[in-house]
Amino acid sequence: AGLDYNFSDNLNKSSQSTQTISKTAYLNDETGIPFPTWSLTWQGLEKVKYINKYLKSLRLSHSFSGNQEDNYTQSKLTSTKLTKNFRPFLGIAISMKNGITGNIQYNNTSSLTTTVKGSSLASRTKQQASSISVSGSYSKRGGLRLPFMKNKKLDNNLDFKLSFESSNSEDFSAKTLKSKYTSTRSQKTWTLEPRVDYSFSS
């Protein structure tokens, strides 16, 4: 487990003074709350009764990072960007005694950008995305003796891999603080990739 908190203040003085203040934060609805990032890992779960006979290792993971960035021009706030990332929200890594390994990971991210013009709110844009990925592999090692070649043996390796990923993302915008969000873009994708590798050597 781990916790981390960051804060930075970058001031650039020229003909037009600009300033950027960045800090670790948690996006709660549409407000940034100062909050540390964190990461958690649980290992040794393969020792649990009833599953220990099948598993070599089992690990769970969870991680959060968030940030708030405020931009100023001539000491006036011009924009604020908030991000919230769970990468992963839940991760599972497994290795079985029969040679099968697998990984599952679910991610969830969101961001909110508010642009200010003068003393009025100009616009808000929001992005939301999630994805899940699943991968597995199986390896088989063996040897094959050739009947026509005395004392000759071939070492052969068979590797089978399968991966799947699905993702969803959507963008929203609102012209004022009181106006409702409208969807401006939506995208859904998925991929499935099987792979088999065979090799041998004498």
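Visitor: In which strand does S95 have its place, and is the residue buried or exposed?

Guide: Strands (E, at least two residues) and helices (H or I, at least four) are DSSP runs, numbered from the N terminus, and S95 belongs to strand β7. A residue is called buried under 20% relative accessible area, exposed over 50% and partly exposed in between, with a 1.4 Å probe and protein chains only; S95 has a relative accessible area of 15%, so the residue is buried. This is a predicted model, in which local features need pLDDT of at least 70 and side-chain atom pairs count only at pLDDT 80 or more, while totals for chains, interfaces and linings use all residues. Residues are numbered from 1 along each chain as its sequence is written, and side-chain values use heavy atoms, with hydrogens and water left out.

Visitor: Which residues does S95 touch, not counting residues up to four places away in sequence?

Guide: Contact means heavy atoms within 4.5 Å, and with that sequence limit S95 touches L55, K56, S57, I100 and T101.

Visitor: How many bridges join β7 and β8, and in which sense do the strands pair?

Guide: Two strands pair if DSSP finds at least two bridges between them; here β7 (residues 76-96) and β8 (residues 100-117) have 14 bridges and pair in the antiparallel sense. As one example, I92 has I104 in β8 as its bridge partner. Three residues lie between the strands of this hairpin, where G99 takes a positive phi near 100°.

Visitor: What surrounds G99, leaving out residues up to four places away in sequence?

Guide: G99, which lies in the loop between β7 and β8, touches S137, Y138 and S139 once those residues are left out. With 31% relative accessibility, G99 counts as partly exposed.

Visitor: How should I read a pair of aromatic rings, and how many aromatic pairs does a search of the whole structure find?

Guide: A pair of aromatic rings is described by the distance of the centres and the angle of the planes. Rings of Phe, Tyr and Trp (its six-membered ring) pair if their centres lie within 6.5 Å, and planes under 30 degrees apart count as stacked, over 60 as edge-to-face and the rest as tilted. A search of the whole structure finds nine such pairs. In one of them, the ring centres of Y26 and F64 are 5.3 Å apart and the planes are at 50°, so this pair is tilted. The pair links distant parts of the chain, with Y26 in strand β3 (residues 18-28) and F64 in strand β6 (residues 55-73), 38 residues apart.

Visitor: What is the relative accessible area of F64, and which other ring pair includes F64?

Guide: F64 is buried, with a relative accessible area of 1%. F64 also forms a tilted pair with F86, 5.3 Å centre to centre and with 45° between the planes. F64 lies in β6 and F86 in β7, so this pair ties together parts that are 22 residues apart in sequence. Ring pairs link Y26, F35, W38, F64, F86, F89 and Y106 into a cluster.

Visitor: Over which rings does the charged end of K126 sit?

Guide: A charge sits over a ring if NZ of Lys or CZ of Arg is within 6 Å of the ring centre and within 35 degrees of the ring normal. The charged end of K126 sits over the ring of F172, 5.6 Å from its centre, and also over the ring of Y181, 4.1 Å from its centre.

Visitor: How many salt bridges does the count come to?

Guide: A salt bridge is a side-chain nitrogen of Lys or Arg within 4 Å of a carboxyl oxygen of Asp or Glu, and by this rule the count comes to three. One of them joins the side chains of R124 and E30, at 2.9 Å from N to O. That pair links distant parts of the chain, R124 being in strand β9 and E30 in the loop between β3 and β4 (31-34), 94 residues apart. R124 is buried, with a relative accessible area of 4%, whereas E30 counts as partly exposed at 28% relative accessibility. Another salt bridge is formed by D171 and R185, whose closest N and O atoms are 3.0 Å apart.
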